[in-house]
Amino acid sequence: METHGSINFSVLGGGGEVGANCFQLSFNGHRILLDCGTHPKKDGLDCLPAFDLLSRPPDAYFISHGHVDHCGAIPYLCKQFPNTRGFATIPSTRIVDRMLHNSAVVMEMLAKERGIADYPLYDHYDVGYAMRFLEGRPFGEPFSFCDTLDARAEFIHAGHVLGSASILLHLPGHTILYTGDISRTRQYLMGGCKKFPKKLHVDTLITESTLGATDNDGNGSYHAEVEQFAAAIRRVLHRGGSALVPSFALGRTQEIANIVAHLQETGELPFTPIYTVGLGRAVYEIYDRFTEYLHPSATLRPLSRFERLGNVWDPSVVQNLLRTPSVIIATSGMMTENTPSAMLAQTMVKSSHHGIFFVGYLDPDTLGYRLLHAAPGDKLQFELGAPAVTVALEDIAQYRFSAHASRSDLAAIIERIRPKNIIYVHGDEDALAWMAANTGNGAETFVPAIGQTITIET
Ligand SMILES: [Zn+2]
Ligand SMILES: [Zn+2]
């Protein structure tokens, strides 16, 4: 063991927000990073974590899962600090690779479409280079990650999306648990997170706080939500319309596709085509390769069960598609302008027989949020550079299929682990405030902002 002292925890992103998650731990001359994401709502260099706070290369970085707010900045980090070793679970290494190549394509497109000067922040070559240093490690097997450090890391199932992990770090004289994005309850495909053993000793817990401001504990169960979701789609299909379900490519697309297929197979929905889009299908193939990480009783249909959505930037493709009833699962989940879900909605909102059903969190700054709250007759812009469209469609709703722990679940995790220190991250202001005020069990608690450093005595 090295000499004990203190650990400095610095927030490069994801403090006081759900943003470009990246946290630095420095101790005894060593530095490691937890996650390395990009901010989903910012563009150009602004979407990166505050890398200027990194004075020296990290010894290693760890990735909790493949959502870009946790991994999107890896190639940029690796350009700054070549040869930096990274670690993720084995399925996550595959997913991260796909997500980053997609980010390179999207940034190049945005550079052309919107003239964002800093884009692309990296290209396919940079992704390929970074991925050579991202090593996969199995769940539940502690591993050493630095030759000059007597420390071990371990990935623990987090139940959020395929490959998602909490990260347990046994540092000299101090144990840290970073939850990453975590879910305690079962989704259709994912089981909940692994139950933390009661004897697990954690000095410092770094916990996500996404749903800290959401009082969902009295809400209906997952099954009740599925029933309402099914009833909404049924209503649309019976009147000859199509149902659009905007979904993230990683996690939500695979979950919703299998839920809809299941509802068709049990007769709760009529058999119609179910469409999915490119990145969601690419990630689906990785789910298919790693079914051992899904809930044992989950049935992952073959990808061929789902149709591939065509080029929805071509108006004739959209017109043809909407001629017959179908269920369309399309990115992006929050309906960012110019994405497939926005391009489809642009046509669908003009008639009243379709339906648009959101299945995840909507940030108030997004088109998805504006559409959900639009009244018939309101005008919204779906495609940059195109005129705004008058919304005639009324059947627009939101269903809750969360992949994040509820705040009472987070409180229960904290209660079980009983850490000495708790650092709350990955939540908006209200969520973090609720968590800090209502959980903790007498632990020392911190809600650090970006740029802030906390010193923890070991
Ligand atoms: Zn996530
Ligand atoms: Zn996240």
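In this predicted model, the axes of helix α3 (residues 90-114) and helix α7 (residues 278-289) come within 10 Å and cross at roughly 165 degrees. Axes are lines fitted to C-alpha atoms, for helices over the stretch in contact, and angles run from 0 to 180 degrees between N-to-C directions. Helices (H or I, at least four residues) and strands (E, at least two) are DSSP runs, numbered from the N terminus. The crossing angle makes α3 roughly antiparallel to α7, where angles under 35 degrees count as roughly parallel, over 145 as roughly antiparallel, 65 to 115 as roughly perpendicular and the rest as oblique. The crossing of α3 past α7 is right-handed; a crossing has this hand if the near helix is turned clockwise from the far one by less than a right angle, and is left-handed if anticlockwise. On the α3 side, Pro91, Arg94, Ile95, Arg98 and Asn102 meet Leu279, Ala282, Val283 and Ile286 of α7. Two residues are in contact if their C-beta atoms, placed from the backbone, lie within 7 Å. The contact of α3 with α7 comprises 6 nonpolar, 1 polar and 2 charged residues. Here Ala, Val, Leu, Ile, Met, Phe, Trp, Tyr, Cys and Pro count as nonpolar, Asp, Glu, Lys and Arg as charged, and the others, Gly among them, as polar.

Residues are numbered from 1 along each chain as its sequence is written, and chains are lettered from A and ligands numbered from 1 in the order in which they are written. Since the model is predicted, local features need pLDDT of at least 70 and side-chain atom pairs count only at pLDDT 80 or more, while totals for chains, interfaces and linings use all residues.

The domain assignment divides the protein chain into domain 1 (6-215 + 403-457) and domain 2 (222-398); such bounds come from an automatic or database domain assignment. The domain centres, taken over C-alpha atoms, are separated by 29 Å. In the contact between them, 22 residues of domain 1 meet 21 residues of domain 2. The side of domain 1 that touches domain 2 has 9 nonpolar, 7 polar and 6 charged residues.

One open sheet consists of 6 strands in the order β13-β12-β14-β11-β15-β18, with parallel pairing. Two strands pair if DSSP finds at least two bridges between them. At the edges stand β13 (307-308) and β18 (396-398), each with a single partner strand, so one side of each is left without a neighbour in the sheet. Strand β15 (residues 355-358) pairs with β18 over 3 bridges in the parallel sense, and Phe358 has Gln398 of β18 as its bridge partner. Helix α6 (residues 252-265) packs on this sheet and touches β11 (243-246), β12 (274-276) and β14 (327-330); its direction makes about 170 degrees with that of β12. Helix α9 (residues 340-348) also packs on the sheet, touching β11, β14 and β15, and its direction makes about 150 degrees with that of β11.

A second open sheet of 6 strands has the order β7-β8-β9-β10-β19-β20 and mixed pairing. Its edge strands, β7 (152-157) and β20 (444-446), each pair on one side only. Strands β8 (residues 165-171) and β9 (residues 174-178) are antiparallel over 5 bridges, with Leu171 opposite His174 in β9. Helix α11 (residues 407-417) packs on the sheet against β9, β10 (204-208) and β19 (421-425).
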